[in-house]
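Morning, everyone. Please bring the structure up on your screens, and I will walk you through it.

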Amino acid sequence: MLTSRSTTTSRPQTRILPEIADAHTPRTDTAAREGHLDARSSSREELMNRVLDVCTGRPGVPLVLLTGQAGIGRSRVLTQIRARLAGPQVSTVEIRVSSGERDFPGLVGRIAGELDVPPARGESTTDVLRRLLASLTGKRRLVVFLDDAHRLAQSCRTAAASALNALAGAPITFVCAVRTPGADAGLEPLRAAGLVHEERLRPLTVSTVEHILTAQLGARPAPGLAASLRTTCRGIPAVVHAAIEGYLAVGGLRIVDRGTHLVGNGAPRLPVSHPLFTALRGTSTWPVVKALAVLHPLGEAAPRLIAETAGIGADEVLDVLHTLCADGVVLRGNGWRFRVPMLATLLTGCLGPYERRRSAQLAVTAIWDGTASRPDGEYLPERIVAASRLVDGERAAAELLAHAETAPVDVAIRWRWAACGRLTDPARRAAALHRHAVGCAQQQRLAPAAMAAQTALREHPDSLTPDAVPELRLICVAGLAGNGNTAALRELTETSLQSLPGSWADRIVNRAAAFCLLDQWEQARDLLLAERELWSGGEAGVAALGQALADAVEAVTGTTPAASGPAGAAVEEAQTLLRALGLDPASARVGEDGESAVSQSVRAMLAGQWNHALNLARSAIANAPAQGESPGQTAMFREMAAILTARGQLSRARDVLADARSRHLLLPHQLALPEADLELTIGAVQQSRTVVEDALAVATESGAVFGTDELWLRMAELETQSGNQAAARQCAERIERIADRLGTVDSHRNRLLARVLVDHDADAAADVLQLASERGRPFEYAATVTAVAECGFADQKLVRTAYETFGELGALIPRARLRLLMRARNIAVTGRKATVAENERLLATLITEGLTNSQVATVLGTSEKSVEGRLTRFFQRTGYRSRAELATATLHCCVHTPA
């Protein structure tokens, strides 16, 4: 068989995007698996099948046009089609057309040379083609692939069209990849004669971009990520690949709970040498296209500003822009803009420091002096930030602060910080730094909050108001916890008060805060009690913070440092700040009065909005390294692990708990209950008990009482199940005392449940059911009904309601166990077909999570032999051959599991 020789020569430079970006991306600490980014989709598979049909079964069609815009992947599709044609009945040749190739006989000669039958001197091109076909002994077809056929000169295309017309019916097909927009003059007669088959490569769909992200990072993209990437890249594979690589390069993609999240670490950035830019790096093109990336939103003013930025003539700029427009890189409308927005973003990252500042300066100045229109959105403040001190500082600061009022949190923080750097008046700058620090703290952005607080205290101590100073010092203390600097916190608790900054009252409050942030609540209580007269008699701001901190300590320890102190709006504001800083963990558990992603996620979790809550939590965790780790995230991790456990995603729940324990979080004993539930779910009863006992010991050592009632309730359950009624009663008595000390609704609920469990108290059962129905927490309500039903008190209607609630939440494991209880109590379970499907879904989830057959049997409340039978039937029905194959299919969304 005749085969073509490999063509490895590189493409000549032209002003278009490459067909395929580099297939590998850098490995980072967050994510990446190196591997090929494949843009395959069902639509492309169908397209390739149609082209293959023409090549092998339609001899009357000698020309196939494969069209699509730059970067769409024409070359890759050509390669894939050629690979599928390999066989004894077809000979193939691939030619990459050089730019402006004019000699059609020379092109035919290249084809003949690839087939080792070069043309004879004076032989016509048509004769050469016929001789090529005749030389293919035993072959039925010759398929010639011409990549970048749009580079052929017009005269060459005309000659080719004439030759193809003469070859109609011959066993030869030309498959030509042509960039659009591009000229195709000369093909009209062939089209009219039915000699052309055309296929247009469409941009990638959102689902295909999801597939690319999943294959690349080994994790599903967060909701909206694939759609956003597809929109900014216009579905062009080369740009999608490059954008992913650019985000990875700046740490912008982070994996949390097997989901990929885009985090605010800056715009994606690629090296100048990246293949995406190769065709744009011409001597005249490169400076223009880089400047255009920054200035294109300025419309008709852009060419003039580009000329000034690049130091070239305006006419030359326009020539380059028209060429880029003809090549499909930019579009001409009301000004000039990039066809693919992400290309502008990536090109912006190629500017050097001075280029970036200078282009931004020109843009800001043009907008301010009215020679360019003011674009909507974030354009002007972003250019002000980039221009740095090249524009008027006072006006820049005013613009940035005004825009920050209505901007999303992340960009508002950046703009306010930049504005602080532009202000020159000490009093105004001090006030701006104070507002910025408090604003960041309220959004649990502890790293920027601490940076602003330190700057204000260091550079403008005399310009700050008396109430601002204690807030800033407290933010600095919380910032130490945010970056995990426990050594500095210990130093604060061990250093003599005389050597600490601030007034005596300020020092006491900061030391007490350090004790709290180290989970030493008893020491914090003792300090506030011993020095109450000093801190409560200090400045109003210090006294308010001290009282708020005393209230927080009381909520955690169940005891107050002293009699009630100052109250009012100042204390309420101080409590809000403490909650944001993580210093009031008893309130943070239910997400009160907070707008941060952490508090929003906890509130949504408790309200039963599980999918939304998980997305908020994952996003908060992904962004935490750049924002500072809030020590008050314990409740978020706790609820997240509980949800994943209820949904059967046990290894994910274990990973979340391990992640939480690796961080500096307050009240870590609160993580014990979901961990104990996880162990109990797979039948590790003793390990579950050990987890609870260890957590109670940790709480005792820290002086924390808050959250221990639920642990003693779990101990009561374990003792009851083991038949140790006396020990169970002792646990119930402990819960009674804790509930009296804390006085919270949660502790009262656990007291009532203990009475139901240990004393079989019917009145307590009625009371706890009423309490649960009023709380607006669906999962807690269903779990309460289940606990009461197990003790024989809940009626059938309540049990069915709990069963339906578990189903709505996707809580597969508690729903499966309640189903067993319902059958044991002769309570009908409706929807047999749906139940079978749900059991299969849970089985697939547990297998995907890596559980053994024995553990699955424990979870499902059945025998190991039954599990083996179910698995056999499941694999037979679905066609999966192994657990690993099932796990891979689940990752790529081929098997439906909870979000």
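One definition before we start: helices here are DSSP runs of H or I, at least four residues long, numbered from the N terminus. With that numbering, look just after helix 3. Aspartate 116 takes a positive phi there, about 65°. Keep in mind that this is a predicted model.

Stay with helix 3. It spans residues 104-114 and is mostly covered, with 8 of its 11 residues buried. Which residues of helix 3 are buried? They are Phe104, Leu107, Val108, Gly109, Ile111, Ala112, Gly113 and Glu114. Note that Glu114 is on that list.

Now zoom out. The protein chain has 899 residues, and 56% of them count as buried. It holds 44 helices and 10 strands. Its C-alpha atoms fill a box of roughly 110 × 75 × 40 Å along the principal axes. Take the contacts with a separation of 6 or more: 68% of them come from residues 24 or more positions apart.

Next, the aromatics. The count is 4 aromatic pairs, with ring centres within 6.5 Å as the cut-off. Take phenylalanine 277 and tryptophan 286. Their ring centres are 5.8 Å apart and their planes meet at 55°, so the pair is tilted. Are these two buried or exposed? Phenylalanine 277 has 0% relative accessibility, so it counts as buried. Tryptophan 286 has 13%, and it counts as buried as well. Elsewhere, Trp610, Phe779 and Phe806 form one aromatic cluster.

Rings also meet charges here. The charged end of arginine 507 sits over the ring of tryptophan 504, 5.1 Å from the ring centre. Arginine 815 lies over the face of tyrosine 803, with 3.8 Å to the ring centre.

Last stop: helix 42 (residues 853-860) and helix 43 (residues 864-878). They pack at about 105°, and their axes are 8 Å apart. An angle from 65 to 115 degrees counts as roughly perpendicular, so that is the label for helix 42 and helix 43. Who touches whom? From helix 42 we have Asn853, Ser854, Val856, Ala857 and Leu860. From helix 43 we have Glu864, Val867, Glu868, Arg870 and Leu871. By class, this contact has 5 nonpolar, 2 polar and 3 charged residues.

That's the tour. Over to you.

How values were computed: Residues are numbered from 1 along each chain as its sequence is written. This is a predicted model: local features need pLDDT of at least 70, side-chain atom pairs count only at pLDDT 80 or more; totals for chains, interfaces and linings use all residues. Side-chain values use heavy atoms; hydrogens and water are left out. Rings of Phe, Tyr and Trp (its six-membered ring) pair if their centres lie within 6.5 Å; planes under 30 degrees apart count as stacked, over 60 as edge-to-face and the rest as tilted. Buried means under 20% relative accessible area, exposed over 50%, partly exposed in between (1.4 Å probe, protein chains only). A charge sits over a ring if NZ of Lys or CZ of Arg is within 6 Å of the ring centre and within 35 degrees of the ring normal. Axes are lines fitted to C-alpha atoms, for helices over the stretch in contact, and angles run from 0 to 180 degrees between N-to-C directions. Helices (H or I, at least four residues) and strands (E, at least two) are DSSP runs, numbered from the N terminus. Angles under 35 degrees count as roughly parallel, over 145 as roughly antiparallel, 65 to 115 as roughly perpendicular and the rest as oblique. Contact means heavy atoms within 4.5 Å. Ala, Val, Leu, Ile, Met, Phe, Trp, Tyr, Cys and Pro count as nonpolar, Asp, Glu, Lys and Arg as charged, and the others, Gly among them, as polar.
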